[in-house]
Amino acid sequence: MQKIPFLDLKQLNAPYMDALKAAAAQVVESGWYIRGSFCEKFEKAFADYCGVKYAVGVGNGLDGLTLMLRAEIELGRLNAGDEILVPSNTYIATLLAVSAAGLVPVLVEPCEKSFNMDPARLDASCGPRTRGILVVHLYGRLADMPAICKFAKERGLLLFEDCAQAHGARLSAAAGDPQACNRPRFAGSFGAAAAYSFYPTKNLGALGDAGMVITDDAEIARVVRMLGNYGSEKKYVNKYRGVNSRLDEMQAAFLLAKLPHLDAWNARRREIAARYVGEVKNPLLRLPEIPADPREHVWHVFTLRTPDRKTRDALQKYLESRGIGTLIFYPIPPHRQEAYAPSPDGRESLLPADRLAGKFPIAESMAETVLSIPVSQVLTDAQVTEIIGALNEFVF
Ligand SMILES: *Cc1c(COP(=O)(O)O)cnc(C)c1O
């Protein structure tokens, strides 16, 4: 029996070996390795792809998120201690960025159906210090942007996006409310700024760490670029207390070579997801929803749910015995992490006690019952059939 790994990065990149080698050779020969012409070209190509004016290459996704928030602080639009709403079931990096910028993450529970931040819960999570929303397009599905944009606009909140899982996800103009969002379109084009990660496993992945901030705001772009370069624009003149977080030429050249294929990869992921949803008929498994407009989802991961933790753990073992790799996104929700344990004085807490009782039952239930199965573009039809067969034969 041939194993089906959760994600085979070597196989994923192999078809592009010649292009990647050529890109690497060009970079080596150029004699310029950080923030040069490949970075500039990829920034331009990615901004164009997303339909925004500016893109700034950074070292990774977490830095992108952190620096876009820090830029807003440097520009006086956010202040240290301001609260930012984030989903309770996101990857920890979303919260780490908010904290690293000196802001306070406040958790909002997701919708059971979409796994994304529930717009109906935003109001109850707001307090006098709430200044922004950092929405995450989790698992590759665009969050409910018409509703979230509308809420942000009504309350005068800054809107940011964590697009680390949503390369290529888009809202058709007809599907959105053009009044609510001034620019309905690609993930990352809805708010003040957005960050992407190009970690190798993402839908558009580098061969190392890489990230990007995109925005239509020239000032945010400029400040992010400075913050990622020691707070400096002019050599040895430092306006901010910046960091070193820049996109290197090698990764930019690889990403430039891979970007033209992104839409085709996502289309293949959608094809596989549609087969799972159509052909898995096991009453123990709750399958994710395909959005009315399928292009809102790029299936970074395909996540099933089971009735309880025991069933999930049994399913994972069973699939492993059938040679099928799975992963749990994520087994421990952020509010259960030691990193976010309330400090004795309560100041570091995520949980303003007056509004949120520190209870996130949906995030906890998801952590106990989710399981992600392979969905990458390299799967063959036969492998997809094998996975579907295994899921349909699962009993507990
Ligand atoms: C991957 C990821 C990040 C962090 O990206 P890095 O490039 O690994 O720093 C942030 N948020 C989410 C939702 C992610 O999936």
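Predicted model: local features only at pLDDT ≥ 70, side-chain atom pairs only at ≥ 80, totals over all residues.

User: What radius of gyration does the protein chain have, and does it agree or disagree with that of a compact globule?

Analyst: The chain has 396 residues, and for that number a compact globule would have a radius of gyration near 21 Å. The C-alpha trace spans about 65 × 60 × 45 Å along its principal axes. The value for the chain agrees with the globule rule, because the radius of gyration is 21 Å.

User: How far apart do the centres of the positive and negative side chains lie?

Analyst: The protein chain carries 46 positive and 45 negative side chains.

User: Which elements do the buried residues of helix H7 pack against?

Analyst: Helix H7 covers residues 145–155, and its buried residues are Met145, Pro146, Ile148, Cys149, Phe151 and Ala152. In an α-helix, residues three or four places apart point the same way, since there are 3.6 residues a turn. The partners of the buried residues of H7 are helix H6 (122–125), strand E4 (130–136) and strand E5 (158–162).

User: Which residue just after H7 takes a positive phi?

Analyst: The phi angle in question is about 65 degrees, and it occurs just after H7. The residue is Gly156.

User: Is Thr326 buried or exposed, and which side chain does its own side chain join in a polar contact?

Analyst: Thr326 lies in the loop between helix H11 (309–321) and helix H12 (361–369). Its relative accessible area is 11%, which is under 20%, so Thr326 counts as buried. Beyond its neighbours within four places in sequence, Thr326 is in contact with residues including Phe6, Leu319 and Ile373. The polar contact, at 3.1 Å, joins the side chain of Thr326 to that of Gln316.

User: Where does Tyr199 lie, and what is its relative accessible area?

Analyst: Tyr199 is placed in the loop between strand E6 (193–197) and strand E7 (211–215). Leaving aside neighbours within four places in sequence, its contacts include Leu204, Gly208 and Ala210. Tyr199 is partly exposed, because its relative accessible area is 43%.

User: What distance separates the C-alpha atoms of Tyr199 and Ala164?

Analyst: Along the chain, Tyr199 and Ala164 are 35 residues apart.

Conventions: Residues numbered from 1 in each chain as written. Heavy atoms only, no water. Rg over C-alpha atoms; globule rule 2.2 N^0.38 Å. Lys, Arg positive; Asp, Glu negative; His and termini not counted. Charge placed at Lys NZ, Arg CZ, Asp CG, Glu CD. Buried < 20%, exposed > 50% of the residue type's maximum accessible area, 1.4 Å probe, protein only. Helix = DSSP H or I, 4+ residues; strand = E, 2+ residues; numbered from the N terminus. Contact = heavy atoms within 4.5 Å. Polar contact = N/O pair within 3.5 Å; in protein donor to acceptor, adjacent residues only side chain to side chain.
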